[in-house]
Structures are given as structure tokens and as C-alpha cells.
Amino acid sequence: MRLTRRRPLLVAVLFCALAVLAARPADGDGSHAPGHGSSTVSAEVAQLYEEAAKATERYEAGREEAERQRELAQQLEERLDRERQEAAVLREDLGRIASSQYRDGGGLPLTAHMLLADDPEQLMRGQRVVHHAEMALEQALGRSERAEARLARDEAKAAAAWKQLEKRNEELAALQQDIEDKLEAARWKLQGEADASVAAGSCRGAVRLDQPPARYTTPWVAPVETYELSASYGSGGARWANRHTGQDFAVPIGAPVRSVGSGTVVKVSCGGAFGIEIVVEHPGGYYTQYAHLAAVAVDQGERVSPGQWIGQSGTSGNSTGPHLHFEVRVTPEMGSSVDPVSWLAGRGVTL
């Protein structure tokens, strides 16, 4: 009787176990299990990149302000140089006027002029000369005093401007260092997740990124915005068994990777030599591959548009350093690649 009562419970447990096993996604290269991995870490990494982007905006705004302040300080310095030259000229004028008065007797009192004058007309001429000389001297002294006052004010302004610029530059340097520290931490945290996904052979799902509004007016774009070209299509080397099948873009970990054109994501894979990779099918029978990624931002079957962020660069799989491996193929699989540089050039994209 006891065994009879336990059988229904045992059967129910077995059915539950089978249901759980059937519901589990299959692991292995090429599987894409949305939600696999730590969503908390993904959110943290995305937040770090968002903060870094905002800090970069502040840095750029501060840098532009510093440049304006530098121009102002430079203008003040140039003005100071001109005023110094004017003050020097005024001092020379004062010296000449004083010497002229001494030679012409301009400094003699009126009684002496009256005694030395031969006639009233000569006396009047002497008086006019003395008066004009004294007026010229007073005007020169006034100009010199005003110039010296302006010089002192502008020197104070220039000193304050340079002090403010120096302080601003220190703030910008600290801000930039903070940006670099955050980016470095975020990049390697992102890469750590990528390595774990590749080791498990299972993608952890799309990490949606807050992409800025698209500003592309052309149907085709480069796969990354800022880059240096490294290994080219068809090149040889110890890193490949045969010729290189794509174009490499040297970019840091976490750089947004863009779909070069409109299409459909036909493959998201995490494992093998390419590490984390995405393949997009485009109209006209061509496929583009984006490999050695650190994260994906799209799911298989998703439609993408030109310039849309589909992932982040990394150094997963057989990679010697952070870069994007980009291929153009006539089938979704490797072995059917064409020169991606000339293919993009034929669509108006010059690398």
C-alpha cells in the first residue's frame, strides 16, 4: 500500500525533471541563449559606459571653454605687449620734452624771461613757447599715467585669466583621468564576461545599448567610427593557417560596432576561433561578419539599420589584442569571403 501511494508522486517528479531538461537551451558554439550570464554585471557595464560618455561630453565642453580662456589670455598678453611699447614711447617723449625745455629755458621763471627779453614781442613768444611746452608735458604725463594704470589693470586681468585657465586645466586633467579609469574598468569587466561566454560556448543574450540618435544619411557606413586599420584582407602571417579573410580594425575593448548597412542578423555565436561573432545578411546576397566581440547588442533574427550598434569590440577567441575582425561573404559561413575594403568602396565607404 505504501508503494502504491508513492508511485504518483514519483511519476510527477520525473515529468517535472523532463520538462525542465526540455526547456533548457542547448549549449555549444552558435547557440544564443538570451538572458544567459549575469544581467546585473551587464547593466553595471552599460551604466559605466553611459557615465563615461557623459563625462566625455563634460570634458569636451570644458576643453572648449579652456580653449576660449586660452585665447582670451593670449589676447590680453598681446594687448599688454602693445601697452608696454606705448608706455616706453611715452617715457621717451617725456625725456625729449624735458630736455627741450631745459635747452630752451622752458623751466625759467617768468621774472627771468622778462629780464632776458629784448622786447615785449619776444617776451610773448617766449611765453607761448613755455605754455605750449608745459601743456605738452602735462598731456604726456597724463597719457603716461593712464597707460600705466591700464597696464596694471590688464596685468591683473591676465594673471587672473592664466590662474583660472591653470585651475581649469587641472580639473580637466582629473576628469580625463577619471574617464580613463572608468573606461578601463568597464572594458575589462566586459571582456571578462565575453571570455566566460566563449568558454561556456553560449552567448549571454543581447545587452541593449542606449544609442544616440542616428545621423547617417547614406545606406552604408564603416563598421566602427574611430579606428586604425591593421591586418588587411589576404595578408599572410603566423596568426592564420591561410590568408587573412577579412579587414581588422584596431579599436579598444567596448567600442560600439555598427552594422554597415540594413539587413537581418542571421547568426550570433560565442565560441571557436572568432570568439563572439555576429553575421548580418544584406539585400543582394551578401553577408557581413563582426568577430572577436566583447558583447552583442542584437538577437538572431533581428532587423538592423545602417549604423545601428550591434555589439561592442573586444578580444575574444583567437585574438592577439582588442580589434574588430570584419568580413564580407557571399554565404553566411567562412570560406566565401571577398575583399571588404573594395566592397565597401563600391558602396561609397572609403576606409
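What follows is a talk about aromatic rings, a charge over rings, a core and a cavity.

Tutor: This is a predicted model, in which local features need pLDDT of at least 70 and side-chain atom pairs count only at pLDDT 80 or more, while totals for chains, interfaces and linings use all residues. Residues are numbered from 1 along each chain as its sequence is written, and side-chain values use heavy atoms, with hydrogens and water left out.

Student: Why is the pair of Tyr-227 and Phe-249 called edge-to-face?

Tutor: Rings of Phe, Tyr and Trp (its six-membered ring) pair if their centres lie within 6.5 Å, and planes under 30 degrees apart count as stacked, over 60 as edge-to-face and the rest as tilted. The centres of Tyr-227 and Phe-249 are 5.0 Å apart and their planes stand at 80°, so this pair is edge-to-face.

Student: What makes Tyr-227 partly exposed, and why is Phe-249 called buried?

Tutor: Buried means under 20% relative accessible area, exposed over 50%, and partly exposed in between (1.4 Å probe, protein chains only). Tyr-227 has 25% relative accessibility and therefore counts as partly exposed, whereas Phe-249 has a relative accessible area of 0% and so is buried. Ring pairs also link Tyr-227, Phe-249, Tyr-290 and Phe-326 into a cluster.

Student: How do you know that Arg-347 lies over the face of Trp-220?

Tutor: A charge sits over a ring if NZ of Lys or CZ of Arg is within 6 Å of the ring centre and within 35 degrees of the ring normal. Arg-347 is at 5.6 Å from the ring centre of Trp-220, and the charged end of Arg-347 also sits over the ring of Tyr-286, 5.2 Å from its centre.

Student: What makes a set of residues a nonpolar core, and which residues have the most contacts inside the largest one?

Tutor: A nonpolar core is a set of buried Ala, Val, Leu, Ile, Met, Phe, Trp, Tyr and Cys residues joined through side-chain atoms within 4.5 Å. The largest has 33 residues, and Ile-278, Tyr-290, Ile-310 and Leu-324 have the most contacts inside it.

Student: What makes a space a cavity, and how many of 30 Å³ or more are found?

Tutor: On a 1 Å grid over the protein atoms alone, a cavity is a set of points where a 1.4 Å probe fits but cannot get out, and lining residues have an atom within 4 Å of a point. A volume is the space filled by probe spheres set on the points, which are joined across faces, edges and corners. The search of the whole structure finds one cavity of 30 Å³ or more, and the largest cavity has a volume of about 40 Å³. Its lining includes Ser-197, Cys-203 and Arg-204.

Methods. On a 1 Å grid over the protein atoms alone, a cavity is a set of points where a 1.4 Å probe fits but cannot get out, and a pocket is an open set with protein on both sides within 12 Å along at least five of seven lines; lining residues have an atom within 4 Å of a point.
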